[in-house]
Structure formats: C-alpha cells, structure tokens
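Subject: Model handover and notes

Hello,

Here is the model you asked for. Please load it before reading the notes below.

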Amino acid sequence: MTAVPTDRTPSGTRDATVAPDAPRTPGAPATPHAPHGAGVASGEPDLWCTYAAVRTLRRLERIPGAGGADATARYLTARRNADGGYAWSRGMASDAWATFYCTSALADLGHAVPQPGTTARWLADCWSGDAYGMQPGQTPDVWATHFSARTAVDICGTDVPSRDRLLAWLSSLQCADGGLSWTPGGALEQKPDVRACFYGVMAWQAAVRAGADAGAPWDMAALVSWLRDRQDPGGGFRFSADADTPCLWAVYRATATLAALGEGPRDAQGCVRWILGLRGAGGAFVRWEGYDVEDVWASFCAVGSLQALGEPIPAPVADAVARRLDELACPGGGYTYREPAAAADALATASAVLSAAADRSRTAPAVDGSTSGDVSAAVRWLEGCQLPNEGGVMYMPGRGSEVRCTLWALAAGAFASDPAARERIARWLGLLQNPDGGFGYWEGRGSDLVSTAAALETVPLLGGSPREVLDGERAAAFIDSCRSAESPGYANVPGAAPTLRAGLQALRGLGLLGRETAAGAATLLAAHRVGGGGYANEGRRIPDLLSGYEAAVASDRLGLALDTDHLGRFLARVRVGGHTAWTPLAPPGQGGPLADCLGTLLDRRVHDPHFRLPALALS
C-alpha cells in the first residue's frame with residue numbers, strides 16, 4: 001500500500017489545457033484534471049478496468065499472449081460464487097454487473113466460462129417478471145437488464161424469461177423528449193441519459209438475437225433525434241442536456257447506440273476529430289478535454305466510438321493504446337485504470353486518513369503506513385475525485401461517482417472548507433434518489449439498503465438533515481419495503497433474506513428520519529451476538545468485522561450500551577500488528593486497507609468511550 005503524490009505530470013499524462021466554454025454546474029472544476037495531493041494505491045487489479053482493457057485489446061486484435069491471458073482469466077474466475085454469479089471482489093455477493101464483466105472478458109480472452117448453465121439459473125433469479133434487477137429481489141433498472149440479457153443470450157446461450165414482457169418494460173423507459181431513462185419511474189420524471197439509451201438498445205438487441213420481434217419498442221425517430229441533439233458544436237457528446245461538459249464516455253454510448261440503430265451523429269467527422277483530439281502525450285486517450293491522465297476507460301471509449309463511426313483506427317493510434325494498456329496490467333493478472341503503483345482509489349485513501357486519525361500510536365499521521373506524511377495531501381486527493389458531470393466522489397478518478405465513496409471521503413474530512421463542492425454533492429444526492437425512494441451505488445442503479453444508508457448518513461456531513469436535502473418520506477418507504485415479513489429484521493433489497501447489517505442500516509436510516517428505532521436494534525443485536533465475541537451477519541455463529549462495526553455504530557447512535565469487552569475479544573482474534581482480517585476464519589491481519597481501517601477505528605472505540613465512530617457503509 002503506497003501513497004502516491006500526484007502533483008507532477010507522470011508518464012501517460014499531458015499538460016492541462018483550457019476546455020472550450022460550456023455550461024457548467026456551479027462548483028464544478030473549470031478544467032478537469034487528475035487529483036492533486038497523495039492518494040493511496042493498492043496495486044491491485046479492478047474488475048471494470050480489466051473488462052475495459054480486455055475488450056479494447058480484443059477490438060484492436062491485440063489480446064495478450066497465453067501467460068498474461070491466463071493470469072487475467074484466473075483473476076476473473078476467482079470472482080465466481082457457488083450460485084453461478086460473479087462478484088466485484090472475492091467474498092462479496094453476486095451481481096449482474098460483475099457477472100457480465102467477468103464472463104464477457106473471459107470470452108474475449110478465449111477462455112471457457114465455467115458452468116454457464118449455473119450462471120443462467122442465477123440470472124433467472126434476478127428476473128422480476130418484467131426485467132432484471134442487479135441482484136435477486138432488487139428493483140429492475142436498465143443497467144442490470146442490459147448486463148443480464150446480454151450475459152444470458154450471448155454467454156450462456158439461453159433466452160430471456162419473457163421477450164414480450166421485456167420489450168414492454170423497455171418501451172416504458174422512453175421520456176417525452178425521446179431519450180431513454182434508467183427505469184420506468186425515471187422516464188415519468190423525465191430523466192433521460194445517453195448511457196440509459198445504450199443499455200436499453202443493447203438489451204433490446206439481445207432479445208432480438210434470442211428470437212424477439214425485430215421491431216423497436218420505442219419511437220425511433222424521437223430517440224435518434226434526442227441522441228443527435230446531445231452532440232456539441234465541437235463534435236463531442238454530453239450525457240444529457242444538463243451535463244457539465246462533453247466526455248468520451250458519453251461519446252461512446254451515443255455513437256454505439258446510433259450505430260446499433262443504423263444511424264450516426266449529425267457531424268460524424270467532427271466527432272472523429274474531437275475523439276482524436278483527446279490523445280495524450282503517450283498517444284492513448286483522456287476522458288475530457290484538458291484532462292491529464294490516459295486512463296483505461298478513455299481508450300475503451302475512444303476505440304469503441306471510432307469503430308461505431310466506421311472509422312479505421314490508424315496503426316500508430318492502435319499501437320499507442322496497446323502500449324498504454326500494457327502499462328496498466330497488474331503482475332498477477334488483471335488491469336487497473338493507470339500505472340498500478342499510481343492507481344489510487346477513494347476507499348483506500350479515505351481508509352488511510354481515518355486510520356491515521358484514530359491510531360493513537362502514530363507520531364504523525366501518515367497515509368502510507370509509516371510514521372511520516374501529511375494527511376492533508378490525502379484529503380486533497382480525495383477532493384480531486386469530484387469531477388465533471390456528477391457531483392459525488394468517484395471510486396477511481398475518471399469513472400462514475402459512487403455514494404459509498406462520497407460518504408467515506410466526507411468522513412475523512414474532504415470538502416470541509418469548500419461549500420460549493422458540498423452543494424454539488426447535495427444536488428447530486430437529490431438526483432440520485434430513485435423513484436422508489438431508495439438509492440443505488442451510482443446513478444440509475446436499483447435501490448439497496450447499503451446505498452440508502454450511505455446517502456442518508458452523507459447529508460449530516462454536508463451540514464444538513466436528510467429531510468431537508470432528500471425526500472424523507474420516500475426514503476422511509478423504501479426502507480420499510482425491505483422489512484422481512486417473517487422476522488424483525490430487514491434485507492438489503494426487498495424480498496431477500498434478512499441480515500444483521502441490513503437491519504442496523506435500516507434502523508439507523510429511519511432514526512435519521514425521525515423514528516424511534518432503539519428497541520428494534522437491541523432485539524437484532526441480541527439475535528446476532530456471538531458468544532465468543534463479535535456479531536454475525538446471519539445467525540449467531542461466525543462473527544465478522546463489518547457486522548461488529550455496524551453493531552458498535554448503531555449502539556452508539558441509538559443510545560444502547562456497547563459491551564466493549566465482548567467486541568475486544570473478537571478484535572483479538574482478527575487483528576495482528578495493526579492489521580485486521582474480515583473474519584476469524586481468514587488468515588489473521590490480511591483483510592487489506594479497508595479491513596485495517598475498520599479494525600483500527602473499532603479498536604479505538606473499544607479503548608476510548610468518548611471516541612465517535614464514523615457511520616461508514618460498505619456491504
């Protein structure tokens with residue numbers, strides 16, 4: 001784990017230049033640039049980065065040789081769960097997003113997808129009756145429907161459960177102006193986005209490949225016109241009419257959608273020139289005009305856009321992109337968004353800051369595990385993860401804003417003296433709230449309790465109350481919908497199995513909204529208390545770090561007595577030399593930076609009754 005200073009211009013970057021004038025959200029950076037300061041890099045691969053790199057190399061016909069391909073395939077298959085789905089990281093629950101990326105990248109590498117029939121059955125469990133949720137029981141959204149339909153048809157060789165029901169659901173995504181939204185409720189609220197258009201059209205085409213009627217379920221002329229209207233005079237595209245600035249992600253989603261519909265932009269050559277104008281010093285691509293890091297997603301979008309436009313990719317461009325992607329490969333397989341040693345992320349960086357603040361043994365706060373360093377540099381890096389078009393904090397600079405990362409960054413002290421940035425976050429949170437009242441990890445994703453709790457806990461860190469910034473009644477209604485009919489607990493999504501963490505997140509959220517929830521929390525905690533120390537998420541046999549942390553936060557928040565001796569016995573089983581494991585069953589002290597952070601914070605609370613734990617949400 002290393003702290004990465006980023007005030008310099010490293011390999012694969014270019015000097016920032018001023019972007020053309022364009023409408024901007026107040027508080028948005030005038031010229032996008034990579035975060036300054038010192039972020040914390042794990043050096044580990046990332047799933048989305050790995051998919052983007054592999055798909056780009058396949059498009060360029062530059063798939064790595066056997067050794068590199070085999071290592072990346074091992075990285076991908078390690079995310080497969082027994083239920084047949086795949087997870088963002090090992091040990092997490094399966095979701096459609098990770099399942100699509102893992103199986104598609106395996107196919108691109110020429111590797112067989114293990115037991116596709118089991119994966120197909122898991123995907124069928126995500127079917128709501130009309131479309132797909134990201135996980136079984138979750139409300140459908142177009143992200144999940146796209147990922148699931150394409151995986152079912154193209155990878156597993158099966159059909160969607162009902163083509164007619166799927167097409168009817170897809171038709172309900174069209175807004176009055178012709179664009180598509182994330183959900184039928186989003187369409188009623190008139191929230192179109194070029195990304196939603198891409199996912200909707202690609203889900204429809206998957207159904208057509210499975211045998212559905214080829215007739216499009218939308219007003220095609222209105223859809224094409226809306227997409228074309230998103231092109232700027234300079235040639236780029238924006239996500240929506242309200243987006244701050246054009247970017248390559250929007251260009252790819254728009255051009256690929258238009259191509260799938262047999263159409264193109266109004267100014268195709270202007271778009272090509274705009275794309276090629278975003279090549280950095282190393283010859284690969286950056287996401288925004290003026291941005292200074294050639295990251296994996298920018299090259300993924302640029303190559304995909306040029307191919308969608310029918311533009312041959314010049315050999316020097318293909319060579320530069322392939323060289324850059326080779327620099328992003330991790331030694332054990334997989335890829336990250338930039339050079340692994342410099343690929344800092346918001347969760348690891350916020351973890352280091354929070355750990356430094358809680359670790360009383362440090363002679364000076366540090367972000368790299370040493371006894372020297374400047375936490376302010378890490379906070380400054382976190383603040384640099386608020387970039388154009390979305391007001392939240394990005395997990396990695398250059399991808400989308402994510403509600404959990406925003407909570408962790410604010411808890412670490414980001415934006416404490418920047419009211420304009422806090423206002424951007426508040427506006428973004430308001431737009432992030434789904435029609436069902438809950439929140440998903442990112443814009444357009446279906447609601448779950450982890451994200452809803454994170455959103456509600458974020459508001460006080462901005463200086464407001466949830467009922468002032470968000471629709472509190474709708475948020476409470478979503479939380480209530482997750483309550484189990486068969487137990488006093490709550491599930492992460494409606495209809496799933498109840499767990500301790502989901503229950504405590506629900507009760508904390510309802511408490512922020514003004515309800516009395518202490519008695520319910522006490523009942524849950526007693527039901528999941530493990531005799532040898534700690535708390536179990538399911539039942540009361542195997543304690544885990546996340547459940548223990550949630551138990552401590554909920555107890556303090558709701559005025560319940562916290563048995564610190566009981567928690568201390570659990571910590572003694574998972575902490576070694578300042579490092580922490582997620583459960584006593586894992587190798588001691590090998591949980592990584594997030595586990596180390598939660599372990600450090602919890603240890604401080606066990607020994608200091610006055611220490612207030614930040615209400616972090618992760619899983």
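The notes cover conventions, the annotated domain, the cavities, and then some individual residues.

This is a predicted model, in which local features need pLDDT of at least 70, side-chain atom pairs count only at pLDDT 80 or more, and totals for chains, interfaces and linings use all residues. Numbering starts from 1 along each chain as its sequence is written, and side-chain values use heavy atoms, with hydrogens and water left out.

Annotated domain

An unreviewed UniProt entry carries the annotation "domain: Prenyltransferase alpha-alpha toroid" for residues 94-204 and 221-392. UniProt positions are in the numbering used here, feature names are shortened, and annotations may be inferred rather than shown by experiment. Residues 94-204 are 56% helix and 0% strand, and the end C-alpha atoms of that span lie 24 Å apart. Helices (H or I, at least four residues) and strands (E, at least two) are DSSP runs, numbered from the N terminus.

Cavities

The whole structure was searched, and four cavities of 30 Å³ or more were found. A cavity is a set of points, on a 1 Å grid over the protein atoms alone, where a 1.4 Å probe fits but cannot get out; lining residues have an atom within 4 Å of a point. Grid points are joined across faces, edges and corners, and a volume is the space filled by probe spheres set on the points.

The largest cavity has a volume of about 80 Å³. Its lining consists of Trp-48, Leu-248, Trp-249, Arg-253, Arg-287, Trp-297, Ala-298, Phe-300, Cys-301, Gly-398 and Arg-399. At least two lining residues come from each of α10 (248-260) and α12 (296-308), and α12 has the largest share, four residues. By class the lining of the largest cavity has seven nonpolar, one polar and three charged residues. For these classes, Ala, Val, Leu, Ile, Met, Phe, Trp, Tyr, Cys and Pro count as nonpolar, Asp, Glu, Lys and Arg as charged, and the others, Gly among them, as polar.

The second largest cavity holds about 70 Å³ of space. Trp-408, Arg-501, Gln-505, Leu-546, Tyr-549, Glu-550, Leu-598, Leu-616, Ala-617, Leu-618 and Ser-619 line the second largest cavity. Two or more of these residues come from each of α21 (500-512) and α23 (545-558); α23 gives the largest share, three residues. The class counts for the second largest cavity are seven nonpolar, two polar and two charged residues.

Residues linked to the cavity helices

Tyr-549 is part of helix α23 and is buried, at a relative accessible area of 2% (buried means under 20% relative accessible area, exposed over 50%, partly exposed in between, with a 1.4 Å probe and protein chains only). Beyond four places in sequence, Tyr-549 is in contact (heavy atoms within 4.5 Å) with Leu-598, Leu-601, Leu-602, Leu-613, Pro-614 and Leu-616. The Tyr-549 side chain also reaches the backbone oxygen of Pro-614 at 2.7 Å. Between Tyr-549 and Gly-599 there are 8.3 Å in space, C-alpha to C-alpha, and 50 residues in sequence.

Ser-305 belongs to helix α12 and counts as buried because its relative accessibility is 0%. Its side chain reaches the backbone oxygen of Cys-301 at 2.7 Å. Ser-305 also touches Leu-248, Val-251, Tyr-252, Thr-255 and Ile-275, with residues up to four places away in sequence not counted.

Around α15

In helix α15 (residues 375-383), Val-375, Ala-377, Ala-378, Val-379, Trp-381 and Leu-382 are buried. These buried residues pack against β2, α14 (346-358) and α16. Ala-41 sits in strand β2 (residues 38-41) and is buried, at 2% relative accessibility. Ala-41 and Glu-339 are 298 residues apart in sequence but 9.8 Å apart in space, C-alpha to C-alpha.

Thr-406 lies in helix α16 (residues 403-411) and is buried, with a relative accessible area of 0%. Residues up to four places away in sequence aside, Thr-406 touches Gly-392, Val-393, Ile-425, Trp-428 and Thr-458.

Positive phi values

Asn-389, in the loop between α15 and α16, has phi near 80°, a positive value in a residue other than glycine. Asn-389 is buried, with a relative accessible area of 17%. Gln-115, also not a glycine, has a positive phi near 40°. Gln-115 lies in the loop between α3 (96-108) and α4 (116-125) and counts as exposed, at 52% relative accessibility.

Regards

Notes:
1 Å grid on protein atoms, 1.4 Å probe; cavity = no way out; pocket = protein on both sides within 12 Å on 5 of 7 lines; lining within 4 Å. Polar contact = N/O pair within 3.5 Å; in protein donor to acceptor, adjacent residues only side chain to side chain.
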